[in-house]
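Dear colleague,

I am handing over the structure we spoke about, and I would be glad if you could look through it alongside these notes.

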Amino acid sequence: MDFLNSWFRTGFLHKTGLRRHPRYRQMTWMDSLVFLATLWTLGSTQEPISSTTVVLAGYPAVLSCGYVSDQPPVSVDWYRLEGLDADQERTHLLYHDSGSGTFAFGKYSDRATVVDNANLRLDTVYMSDNGDYECEVPTTEDYDIVLSKVRLQVLDSPDGPRITGYSPPLFAGQTLHLRCESQIVGDVRPTLVWYNGSRELSRVEPSVWQPDTTTAVLNYVLDVSKYDNAKAYRCQALYRGPVGVRERKVTLDIRYAPTTHMTYPLGTQVREGDDVLLRCGVDSNPPATVSWERLEGAMPPNHKLYEEHHLLRIVGITRAFHGTYQCRAENSLGVSTTAVSLDILYPPSIASQVWNKAEALVGENFTRACVADGNPTPSVRWSRDGSEEVYDDPLYFSSINFTDDGSYICRARSSIQDFPDSTAKFRLDVKGPPQIVKQNTIFSATENGSVTLECEVESDPPATRVAWKWESNSIESGTVGRYSVRQKETPTSILSTLTIKSVQASDFRSYQCLAVNLHGEETQVIVLERATAPPPQPIPLVAIVLPVILVFIMVILGLLYYLRKYWQRKLPWTPKYLKNKDMEMRAIEDDYLPPIAQDSASPMPLLPGDDPSNYYQEPDLIRDLEFPRDKLSLERVLGRGNFGQVIKAKAQGVGGADKPMTVAVKTTKDGSSADAKDDLLKELKMMKLIPPHPNVVMLIGYCTKTEPVYVIVEYCALGNLQNFLRKCRSKRDSTYANIQVDERLLTPRDLASFIWQIARGMAHVASLKIVHRDLASRNVLIDKNKVCKISDFGLSRDVYDTDNEEYEQKTQGRLPLRWMAPESLFDHVYSVKSDVWSFGITMWEVLTLACTPYPGLSPPAMMERLRNGFRMSKPVHCNEEVYDIMRKCWEDDPEDRPTFIDLVRLLEDVITKAEDFIKIDEIPAAMYDESNSKKSKQEKC
Ligand code: ACK
């Protein structure tokens, strides 16, 4: 009966709505009928929905029954309601819990449980679980029940994130407030994250939301710039469980004015003829329109625009279209421009007027500029045709000389290596009065013999007249009595000869050779002396056998002559020769000792060729050599300067000798200042301190008691070494073949010997603690035996050499800048070691046959270079060892330079192997060619 009542209550009553009866658990089927009849007559009563639970499909759900008590209920029944209203309402028991056990029915069987006394938990909900549920819990034994109706709303998925706050157009500089919202469904709360690309910008965790919050919100604030254009901002909602990640993104469209920059060309230097591509990089939103212009004027005719790519192309650009190219970009928000300056590079080219031939008069200043165009600006240097020396531009000659005659090449060179040089050449034709080439100015003859005097004239324009004059005679050509004049013309000179037959005593005199041309005249004094040696007697022809004897004698004589020449040529001056002679070697060593220690009894060092009788020796150092003026007969001027002159003279009774001695007399010129006289006296004072030495010009005497002051020194027939070397240049070919027939012919051995002798002379001077201060080849004299003698002592350098540009003007006087050591140039310090420096320069002069040192460099340029450690390079034709010696003389620190004694020894070692001392074949031809033979001492290499 119980079972029937139970079925009746759970099945029938429940389905019919009778369970809503407050006592339906105690109802019998009769009660039910009465109650149903009441319901039917009263109408149905609906339970209100007590709560709604929203869940996501796939997640668990807990439906609340609303039962609140400390005691667990007697039973719990959960029903699923079907149908929309009470009439149609049907219920399914899905869960039953009572003292006899718990039951879950149907599709809830494996996922429904009761938690917290009466609440129903579904482990996983499905979309099909959407609907209303009811729970029934009796509270007391009197069958009172608690009924609760719960609505379960199952959502497929949450709404997902939504972005608000952005509405284009947006302009750079504005602030953007982005908002991201996403739905919270029940317990399913998302984490919200803002991203820019993969970069996380901000995040909010689910725990911050209150239980009843239904929307998760995350804001992001941004000051936008143009760089945010096209950037995507993402908002992600991360749900635990099956929903997972939901995302929304927004792409910004930021508007801004254009900006421009030049992307091509990469450099601003282009070569003429190249194609040039210019590209303007434009950044703008909305897009800009782009145009090009050339600020200096018209665009090149051959240009093309590619608007789409903002490109400008110029085909084969020319230098005329250098300048600034500008690109202009414009949109609704603004304008921007950018420019590039194109520098068009092109090779050097020299303006054609440089090709003109130029003429200049001797003594004039001459300048010629070389105008060269090119980009980059080319460096312009001048050189002389056939020479390696270079000169700065403009080419400048102060007081031009015949030696400057020649072709000059201007070379413009670009710093860009593969641009070819541009060259132009012009001929400089130097015109001026004739020049008498000094050869032999003293001739000798015997009485009744005949003699031919020679005078060689070089002239441009050609000499209009060359004549011989003496007393009242003047002969240009032809024969007058015993005198006949002939002229032989060569391409470069006229050789005029005066032949005197049956020479008479009155013919021993001086003659003038006069040459005249358009620009002036020149006179040379030529002296005819009486020959001292008697002419050889003719060998009488006696008989027929005589020719045989004659031939025999001639052969012997020839042999003797040859041997004599051979030994002469062996150059007894070389150290090698001296080394073989003990006596003389000792003499050399003695030179290294202070000569003060030498007494008059010890032999003076002799060099072969020295004539001991020529030396006027005095035992005392401070010698009184006052010479009687009337014993001096002046002959001719050897050379003169502004204040002084050197005169050749005969001195009678020197050292008690019977024969007159040929001497040179240094004196002041008429009208020269008191300073000039002082200088000469100073030089005399210095010379008096120097005991005789074969390589120092010897003081023979002086006349100081009355005016003019005469300083008498030994005569050196070959003049100064500088002039001598320059004169020797033209004889090169025969010289180096060693066919020696003329004192002007030089061998490498000669040059070696000169250097060595100068070192010896200076060792002597240095041992006396005398500083020369002006050692240079022009101040070395050379006698007829090619013995070098140091001369020009004291401070009177300018007295005899005023036309010598080698003394550059300084405040107190002219200074030999090119010969001076750095400490003298820059600090005015002079010492024996600064003389050593000058010796190195003198050595260089000898080896280049007297080129001007630092060729091509002006004095300031030379000094600047010297200060920076520059030294002259090795003359091509001299060997390394010799150059090494020079370089030692040019050490910066004076202490590092050798002494003159060291130098004598070093040179002995080197020049004993004199064969390769100078490499003959490598001597630059231009240095010696015939045209140079007429060059003066201003010779530049
Ligand atoms: O080369 P030179 O003929 O030699 O020209 C100069 C000129 O005088 C002016 O200095 C010459 N000279 C100087 N001293 C002497 C001397 N002692 N013997 C011969 N010539 C001399 C020098």
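Is Lys 666 buried or exposed? Lys 666 is buried, because its relative accessible area is 9%, where buried means under 20% relative accessible area, exposed over 50% and partly exposed in between, computed with a 1.4 Å probe and protein chains only. Before going further, please keep in mind that this is a predicted model, in which local features need pLDDT of at least 70 and side-chain atom pairs count only at pLDDT 80 or more, while totals for chains, interfaces and linings use all residues. Residues are numbered from 1 along each chain as its sequence is written, and side-chain values use heavy atoms, with hydrogens and water left out.

Lys 666 sits in strand S46 (residues 661-668); helices (H or I, at least four residues) and strands (E, at least two) are DSSP runs numbered from the N terminus. The side chain of Lys 666 makes a polar contact of 3.0 Å with that of Glu 683. Such a contact is a pair of N or O atoms within 3.5 Å; within protein, one must be able to donate a hydrogen and the other to accept it, and residues adjacent in sequence count only if both atoms are side-chain atoms.

Turning to the ligand, 13 residues surround it, and the closest are Glu 714, Cys 716, Gly 719, Asn 720 and Asn 723, a residue being near if one of its heavy atoms lies within 4 Å. A polar backbone atom of Glu 714 lies 2.9 Å from a nitrogen atom of the ligand, a polar backbone atom of Cys 716 lies 2.8 Å from a ligand nitrogen, and a polar backbone atom of Asn 720 lies 3.0 Å from a ligand oxygen. Taken alone the ligand exposes 450 Å², of which the protein buries 87%; accessible areas come from the Shrake-Rupley method with a 1.4 Å probe, and for residues only the protein chains shown count as cover. Strand S44 (632-640) and strand S48 (710-714) each supply at least two residues of the shell.

UniProt, in an unreviewed entry, places the feature "binding site" at Asn 779 and Asp 792; its positions are given in the numbering used here, feature names are shortened, and annotations may be inferred rather than shown by experiment. Asn 779 lies in the loop between helix H9 (748-767) and strand S49 (780-782), and it counts as buried because its relative accessibility is 3%. A polar atom of the Asn 779 side chain lies 2.8 Å from the backbone oxygen of Asp 774. Asp 792, in the loop between strand S50 (788-790) and strand S51 (808-809), is also buried, with a relative accessible area of 13%.

A cis peptide bond joins Asn 375 and Pro 376, with omega about 5°, and another joins Asp 460 and Pro 461, with omega about 0°. Tyr 854, although not a glycine, has a positive phi of about 50°; this residue lies in the loop between helix H11 (832-847) and helix H12 (859-867) and is buried, at 3% relative accessibility. Glu 471 likewise has a positive phi, near 40°, but is exposed, with a relative accessible area of 68%.

For the chain as a whole, there are 14 helices and 52 strands, and 47% of the 941 residues count as buried.
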